[in-house]
Amino acid sequence: MTVKRINLALQGGGAHGAFTWGVLDTILDTPGIEIAAMSGTSAGALNGAAVKAGLSRGSRALAQDNLQWVWEQVGAITDRAFAPWLNAASPSAISSLIETSLPFALSDTMSRMVSPYSYGPFYRNPLHPIVKRLRYDAICCDDGPELHICATNVRSGKIRIFTGDQITPNAIMASACLPTMFQAVEIEDPATGRVEAYWDGGYTGNPALFPLFRNRLPSDILIVNINPLYRDEVPVSARAIQNRVNEISFNSSLLRELRAIEFVQRLLRDEHLRPGTMKNVLIHMVSDDALMAKLSVATKMVATPQILHQLRAAGRAACEAFLETHFDKIGRKSSVDLVGMFN
């Protein structure tokens, strides 16, 4: 069997990142695909670190075990905080139940009125106990796929990419740091020697594609998209408007990079650039907008185990459908119509 090498771009979206768990699980079950590099933001960074920690030790099964452990830990956070009756409902019902629940309403109100810096010694980042237990010797080593993690510099507003031995528990928490919920994560910038504060990478790269453009990497980038690009209905309720603003905001950087790729593809196609002058990046995408449209910011923030497992199953199904339909295109052409996307 011919093995096809691809790069993965893993989008962030809180607990909806369990969809990516399912996609990665399927890719790791597919011997005909080799992961060359990954770029991840927020939940995508956590997923990427789990996979890297397994593949760098030569084990796809270990990568899958790491993913399962990570998402079991994420689900356990909510299991301790929310009633188990949520697990019996459908995705849309769970989303509605969470949004109208008293704990979520209080948390949402507090995040708008109270700074995370107000909690003093009671402040904690719930991700820290999870990310600190990952194997950073395996994540930071040169073996296995490259891993790039994106965060946003609070002072400059610019993107920062962490890779190699720069990837630490703080780097992963920085990539997932929503500023209304968590204190900015402080990390020294080796270029300046200054300690910088970082927020969620989704503001500047969700995920960042440009680290995957290097000539040593394959041309194919598979984007695992968990924030719906399109919704047919115009939101009219306050919560629906807030939810759509969240989706648009966290898709904006990805759309800018995709537009730039389409522009370069057009220049190469029309022979305005000589072949080899710019890399002809091939774009693929796995998503399930129909499922994600039933969910909301509430299910991103509150990781109910039932939703996590439904998202994983949906990710597996979406990836299996992609491989069945588009596997032969990998290495030859894009399966995403970028021209149609921007016209």
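Two residues are in contact when heavy atoms lie within 4.5 Å. Keep that rule in hand for this predicted model, where local features need pLDDT of at least 70, side-chain atom pairs count only at pLDDT 80 or more, and totals for chains, interfaces and linings use all residues. Residues are numbered from 1 along each chain as its sequence is written, and side-chain values use heavy atoms, with hydrogens and water left out.

Start with T41. It sits in strand β2, residues 33-41 (strands are DSSP runs of E, at least two residues, numbered from the N terminus). T41 counts as buried because its relative accessibility is 0%; buried means under 20% relative accessible area, with a 1.4 Å probe and protein chains only. Setting aside neighbours within four places in sequence, T41 touches L10, C150, D200 and N206, among others.

Next comes N153, in strand β3, residues 146-153. N153 is buried too, at 9% relative accessible area. Its side chain reaches the backbone nitrogen of S156 at 3.0 Å. Beyond four places in sequence, N153 is in contact with K158, E196, A197 and Y198.

A197 belongs to β6 and stands opposite E186. Strands β5 (residues 185-189) and β6 (residues 194-200) pair in the antiparallel sense over five bridges; pairing requires at least two bridges found by DSSP. Four residues lie between these strands in the hairpin, and G193 takes a positive phi near 75 degrees.

Finally, the nonpolar core: buried Ala, Val, Leu, Ile, Met, Phe, Trp, Tyr and Cys residues joined through side-chain atoms within 4.5 Å. The largest has 67 residues, and L8 and F19 are among those with the most contacts inside it. Apart from it lies another core, of 17 residues, including L217 and F342.

Technical notes
Buried < 20%, exposed > 50% of the residue type's maximum accessible area, 1.4 Å probe, protein only. Polar contact = N/O pair within 3.5 Å; in protein donor to acceptor, adjacent residues only side chain to side chain.
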